[in-house]
Amino acid sequence: MKKNLYTGIALIVLGILYLLNNFNMLDLTWILFLTSIALIIRYILKKETLILVVGLALLAFSSVSLIDRYIFINLNIKPFVYLSVGGSGLLYLYYKSRERNWLIFGSVLIALAFNNLIGQVLPVLLPWAKYFFLALAFYTCYLVAYRRNSIVWPKYISYTLLFIGSIQAFVNIDLLRYSNFKLNYVIPIIIIFVGARIIYMTFTRR
């Protein structure tokens, strides 16, 4: 009974939207935006994951077009919106399932989103800023989901990325040079050391 009621309401709303489109009161972008909101509300009521995925995808595409139309800024916000929406969706999946991989992937996408946006506003921060954003993402994951289980590898990845970002920043301001510091050799050595440390800690805890 309720399913038929929701279907009827959805068809009425969809018909009204397209009728408004025919009268040039709403265009396709607005229809997609309102449809995405309706799908997200539908997910809240019915908890159907596919509905959420479609709603978030429509929200990402339509919101970018609306922002480009009504907010006149000299920024390419598409990567920021797409990465933010995708990352937020993965974080929500982590919240529902407590699967830590969703937390990692979602946090990394959001870090890359902010790196892209801030990199356009302050290009002087590129290319080293992404290491700091990613380091923050991994350390946040460690605090949220890994520390209570004494799992430390996200923390070590965070430290490594922070170190690499610091070296890259020093190189950019000419305090260090690749030819003098041999950065190409130092970074992989640090990564190998962190990996060996993780393996060692894994076996010693058994």
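## Terms and model

Contact means heavy atoms within 4.5 Å. Helices are DSSP runs (H or I, at least four residues), numbered from the N terminus.

This is a predicted model: local features need pLDDT of at least 70, side-chain atom pairs count only at pLDDT 80 or more, and totals for chains, interfaces and linings use all residues. Residues are numbered from 1 along each chain as its sequence is written, and side-chain values use heavy atoms, without hydrogens and water.

## α5 against α6

Helix α5 spans residues 100–121 and helix α6 spans residues 129–146. They pack at an angle of about 150°, with axes 9 Å apart. Axes are lines fitted to C-alpha atoms over the stretch in contact, and angles run from 0 to 180 degrees between N-to-C directions. The pair is therefore roughly antiparallel (an angle over 145 degrees). α5 passes α6 in a right-handed crossing; right-handed means that the near helix is turned clockwise from the far one by less than a right angle, and left-handed means anticlockwise.

On the α5 side, the contact residues include Leu-103, Ile-104, Val-108 and Phe-114. On the α6 side, they include Phe-133, Leu-134, Phe-138 and Tyr-146. The contact divides into 16 nonpolar, 2 polar and 2 charged residues. Here Ala, Val, Leu, Ile, Met, Phe, Trp, Tyr, Cys and Pro count as nonpolar, Asp, Glu, Lys and Arg as charged, and the others, Gly among them, as polar.

## α4 against α5

α4 and α5 pack at an angle of about 160°, with axes 7 Å apart. That makes α4 roughly antiparallel to α5. Their crossing is left-handed. The contact holds 16 nonpolar, 8 polar and 1 charged residues.

## The second largest pocket

The second largest pocket has a volume of about 200 Å³. On a 1 Å grid over the protein atoms alone, a pocket is an open set of points where a 1.4 Å probe fits, with protein on both sides within 12 Å along at least five of seven lines. Volume is the space filled by probe spheres set on the points, which are joined across faces, edges and corners.

Lining residues have an atom within 4 Å of a point. Of the 13 here, Val-53, Leu-56, Ala-57, Val-85 and Gly-86 are closest to the centre. α3 (49–70) and α4 (78–97) each give two or more residues. α3 gives the most, with 7. The lining has 10 nonpolar, 3 polar and no charged residues.

Definitions and conventions. Parallel < 35°, antiparallel > 145°, perpendicular 65-115°, else oblique.
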